[in-house]
Amino acid sequence: MKTLSTSEFKFIDLFAGLGGFHLALQRMGGSCVFAAEWKESLRDLYLENFSIKPDGDIKNVIPENIPDHDVLTAGFPCQPFSKAGEQLGFECTEQGDLFFNVAAILRVKKPSFFILENVPNLLKHDKGRTWVKIQEVLAEIGYEISSEKLSPHQFGIPQIRERLYIVGSFGSLRNFVWPEKGEYETSIESVLDESPAEAKTLSGQVIECLDVWDEFLKSCPKDVELPSFPLWSMEWGASYPYVDETPYSLRESYGLEGLKGFSGSHGIKMSRHDSLEQRWLSLPSHARTAQEEFPKWKQDFIRQNREFYKANRDWIDPWVPKILKFPSSLQKLEWNIKGGERSMWKHVIQFRASGVRVKRRTTAPSLIAMTDTQVPVISWEKRYMTPRECARLQSLNDLHSLPKTRTQAFQALGNAVNSNVVELVARALISK
């Protein structure tokens, strides 16, 4: 495998974002000769941080006009392949086919190496056909490739955020070895500032909701194990069908009468409503999908929640009325602390559409391209993490400037690559 001098190689940074690849390769002595980023605000920020103004949309970049370089880096958009999205892949008209723009540059410029980053689901997308196509394209250009799933916590960084890394060499990868993963004792407190003044505090509604869930935890008998599956309180008392038929199939076949005789969210009788729309809205939001059959994972979660309720309704029933005032997303709890202290105020929390997610202090939840209410919550300080603290989770603490607004900062950080993980991969790939 060819190696490069770590004091003179040139690289390009595609889908540059905040510059995670740039930071990593710059620390190794590399020089960035070209960057591309479609968001104008991030291009201006990149110029401020790195003294180079990225080109715009990669679709408008002519490969022949890109300077010669030794290493191509690209964290090409992951949304078309993510399990959290629609998984349209190459069929996503806006972002799904951008891999082929990367391939076009590789075909023309033929750098010695490349490093790509994406979500792990890329391997399974379209039953594996997307990954097969990517490998075929890269091999046809002349690259030998290797892929590996890596997460920052495997290298001592307190964030669980598994990503797929793909490396390629224009020649043999015979001597390449992926960085060795380890089992580290990590703590989110290692990236936190002490009571930062700029931190956003929790709203009164959120504090009240967490107090209600804290009461739920305290009410649960010590000999009852809290489930690892998501707790959907709206299923506690519900009786609508979910295995052989769905509320949607009943509504389509029988209209108003099809939704008669069942209980919806939190056990409320659907027959108390006179209109089809009211009966429909009395169902949990996850039951109002236009599906003739629910997927197995949804059936399993519904069944598990109803079984849990049936076994514990004597202490759950007095608690249920207290959760009713909150939005649907706050009526669901993901308790990821098996055996941990049963308190909402001792752990790390993240508010997701899927519910209130509670995790140990050892690591932060995976950063996503999030709104500022999906940022990890430091519950014992009743506040959200700050952009600068989240930047440390992405090993971007060397950046001089971050986006000016919280929303822009968190969206960019959620899309960023972890520069320390990239550097470990790059050193293994391009230097002895």
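What pLDDT does the protein average, and what share of the residues score at least 70? The average is 91, and 93% of the residues reach at least 70; pLDDT is the predictor's confidence in each residue, from 0 to 100.

## Basis and confidence

This is a predicted model, in which local features need pLDDT of at least 70 and side-chain atom pairs count only at pLDDT 80 or more, while totals for chains, interfaces and linings use all residues. Residues are numbered from 1 along each chain as its sequence is written, and side-chain values use heavy atoms, with hydrogens and water left out.

Helices (H or I, at least four residues) and strands (E, at least two) are DSSP runs, numbered from the N terminus. Confidence is highest in strand 7 (residues 231-232), at 98, and lowest in helix 10 (residues 406-415), at a mean of 91. Over residues 78-93 pLDDT stays under 50, and the model has 41 contacts beyond four places in sequence for these residues. Contact means heavy atoms within 4.5 Å.

Two strands count as paired if DSSP finds at least two bridges between them. Strand 7 is joined to strand 8 (residues 332-335) by two bridges, and the two run antiparallel; here Leu 231 has Leu 333 of strand 8 as its bridge partner.

With strand 10 (residues 355-359), strand 9 pairs in the antiparallel sense over five bridges, and the two form a hairpin with two residues between them. Arg 352 stands opposite Gly 355 of strand 10. Strand 9 is also joined to strand 11 (residues 377-378) by two bridges, again antiparallel, with Val 377 of strand 11 as the bridge partner of Ile 349. Five of the five residues of strand 9 are buried, where buried means under 20% relative accessible area, exposed over 50%, and partly exposed in between (1.4 Å probe, protein chains only). Val 348, Gln 350 and Arg 352 point one way, and Ile 349 and Phe 351 the other way.

The buried residues of helix 10 are Ala 409, Phe 410, Ala 412, Leu 413 and Gly 414. They pack against helix 2 (40-50) and helix 9 (387-393).

Ala 426 lies in helix 11 (residues 419-430) and is buried, at a relative accessible area of 0%. Not counting residues up to four places away in sequence, Ala 426 touches Leu 25, Met 28, Ile 115 and Ser 431. The C-alpha atoms of Ala 426 and Thr 73 are 9.8 Å apart, although 353 residues separate the two along the chain.

## Cavity

The structure holds one cavity of 30 Å³ or more. On a 1 Å grid over the protein atoms alone, a cavity is a set of points where a 1.4 Å probe fits but cannot get out, and lining residues have an atom within 4 Å of a point. Grid points are joined across faces, edges and corners, and a volume is the space filled by probe spheres set on the points. The volume of the largest cavity is about 50 Å³.

Its lining consists of Glu 117, Leu 150, Ser 151, Pro 152, Arg 161, Arg 163, Tyr 165, Asn 418 and Val 421. Four of the lining residues are nonpolar, two polar and three charged. Ala, Val, Leu, Ile, Met, Phe, Trp, Tyr, Cys and Pro count as nonpolar, Asp, Glu, Lys and Arg as charged, and the others, Gly among them, as polar.

How values were computed:
On a 1 Å grid over the protein atoms alone, a cavity is a set of points where a 1.4 Å probe fits but cannot get out, and a pocket is an open set with protein on both sides within 12 Å along at least five of seven lines; lining residues have an atom within 4 Å of a point.
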